[in-house]
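Good morning, and thank you for coming. I would ask you to look at the sequence and the model on the screen while I speak about salt bridges.

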Amino acid sequence: MAKMTKEERELLHRRRLTRSADSKMTLISKVNATRQLMQIHEDKIIQGDDWRSTYRLPELFGATERKKSDLLENLTETVFKSTLTEEYDMAPAAKAIMKHFDLQSNHKAAKIDAISSAVDYGTGIEKNTVVFVEGSQVPTTDRLFLKHEGAEVVTKYFGQAPTTVDIRDAFPDPSATVDHDLHGNKGMDWFYERTIYSEARFFELFEDESLFDTSDILPTTWGGVQQMGIDRLDSKHEQEEKQEDEPKYVVVFEGWDIVNDWHVVYANGKEVYFGA
């Protein structure tokens, strides 16, 4: 693709997001209908059996929960075994590493959430990213509160950190039939993930002016957020927490373009980051 200006890329992001949103309208309507049924089930559940009901939401709900349980019980696992004497001690060490990875990376929880979404809505997405976490470490004492002076900065975790992407916040290339296809034209050329931030949280995360250009970002009201592609039904708690009339929200689309090797952040209609 020829070199594009920032304004041209912003138009491209907008076209892509519109195409992706249009392509998954049927899926989103199914998701919203399923969520409404779940809420109805939770509201109408009764003690004991009611055999007069011909449409038994509790039974449907229980069937999906059993499906999730069956899938989780039969998940594949990596098991280390040693057959040579000199390698005998390596198996326990490898098992310990895998257990540490599961605990630190949120891997198992993300997989459970993705499977749960697949059972409920037909699609589940697990995203694997690499994270680098640093933290302060002080000598161990019996005191509850410790001074920060003299604390040593250490690496707490550096590795993969899987997360689950809500399918309503995923905007894939609608022409793709598979996620990855290095040998043909069926793969996903681009993908965007949506996150909604409050104004304060957005400017905390993207405050580095050497990386992000947030000078043109104007927070919007929740009504404005909905016009930017919010195709989800909020829960009852979310609806109560939203401040409808105050401009306090920023909708961020983080995008990856595999063909052009782009990594972009597009917020409230403006490109705030462009890199590889």
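Let us begin with a question: is R16 buried or exposed? In this predicted model, R16 is buried, as its relative accessible area is 7%. Its salt-bridge partner is D257, and the closest N and O atoms of the two are 2.9 Å apart. R16 belongs to helix α1, whereas D257 belongs to strand β5, residues 249-257, so this pair ties together parts that are 241 residues apart in sequence. D257 counts as buried too, at 5% relative accessibility.

I turn now to another residue of helix α1. The side chain of K6 meets that of D213 in a salt bridge, with 3.2 Å from N to O. K6 lies in helix α1, residues 6-23, and D213 in the loop between α6 (199-205) and α7 (222-227); the pair therefore joins parts that are 207 residues apart in sequence. How accessible are these two residues? D213 is partly exposed, with a relative accessible area of 35%. K6 is likewise partly exposed, and its value is 25%.

The next pair links two strands. K127 and E193 form a salt bridge in which the closest N and O atoms are 2.5 Å apart. Because K127 lies in strand β1 (residues 125-137) and E193 in strand β4 (residues 190-198), the contact ties together parts that are 66 residues apart in sequence. Both of these residues, K127 and E193, are buried.

Finally, how many salt bridges does the model hold? The count comes to eight, including the R16 and D257 pair.

Methods: Residues numbered from 1 in each chain as written. Predicted model: local features only at pLDDT ≥ 70, side-chain atom pairs only at ≥ 80, totals over all residues. Heavy atoms only, no water. Salt bridge = Lys/Arg side-chain N within 4 Å of Asp/Glu carboxyl O. Helix = DSSP H or I, 4+ residues; strand = E, 2+ residues; numbered from the N terminus. Buried < 20%, exposed > 50% of the residue type's maximum accessible area, 1.4 Å probe, protein only.
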